[in-house]
Amino acid sequence: MSEKVLSVFIDESGDFGPYEIHAPYYLVSMILHNQNIDISENIKGFDSHLSNLGYQHHAIHTGPLIRRESVYSNDLVEERKRLFNALFNFARRLDFQYSCIKVKKK
């Protein structure tokens, strides 16, 4: 019987501070990936695509991408859309499960 390995990637969004109308929730998201499913070619293709867009060795952070912050502060909306679409299409092709838990701060 082959060993099954499950990877779990966890990320959070929000803060533990007091309730504010613009950020009423604290979010915890989990990606679950069966390691028996090889996604290395998908990752290589995604990295290559990002390099072609001018983002070599880059991890996309969607909050700053959407808000035009940090490394995206000088990018045009079309450039940021390309990055967002690249990430969306990459994730759409993969076999994984996800869950997001929201906690209302109020």
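**Aromatic pairs and burial in a predicted model**

Modeller: Y55 and Y72 are both buried, where buried means under 20% relative accessible area, exposed over 50% and partly exposed in between (1.4 Å probe, protein chains only). This is a predicted model, in which local features need pLDDT of at least 70 and side-chain atom pairs count only at pLDDT 80 or more, while totals for chains, interfaces and linings use all residues. Residues are numbered from 1 along each chain as its sequence is written, and side-chain values use heavy atoms, leaving out hydrogens and water.

Colleague: Why does F46 count as buried?

Modeller: F46 has 13% relative accessibility, which is under the 20% limit and therefore buried. F90, at 16%, also counts as buried.

Colleague: What makes V8 partly exposed?

Modeller: The relative accessible area of V8 is 42%; this falls between 20% and 50%, so the term applies. V8 is found in strand 1 (residues 6-13), strands being DSSP runs of E with at least two residues and helices runs of H or I with at least four, numbered from the N terminus.

Colleague: How many aromatic pairs are there, and why is that of F46 and F90 called stacked?

Modeller: The count comes to two aromatic pairs. Rings of Phe, Tyr and Trp (its six-membered ring) pair if their centres lie within 6.5 Å; planes under 30 degrees apart count as stacked, over 60 as edge-to-face and the rest as tilted. The F46 and F90 centres are 4.4 Å apart and the planes lie at 20 degrees, so this pair is stacked. F46 lies in helix 1 and F90 in helix 3 (residues 77-93), so the pair ties together parts 44 residues apart in sequence.

Colleague: What makes the pair of Y55 and Y72 tilted?

Modeller: Their ring centres are 6.2 Å apart and their planes at 40 degrees, so the pair is tilted.
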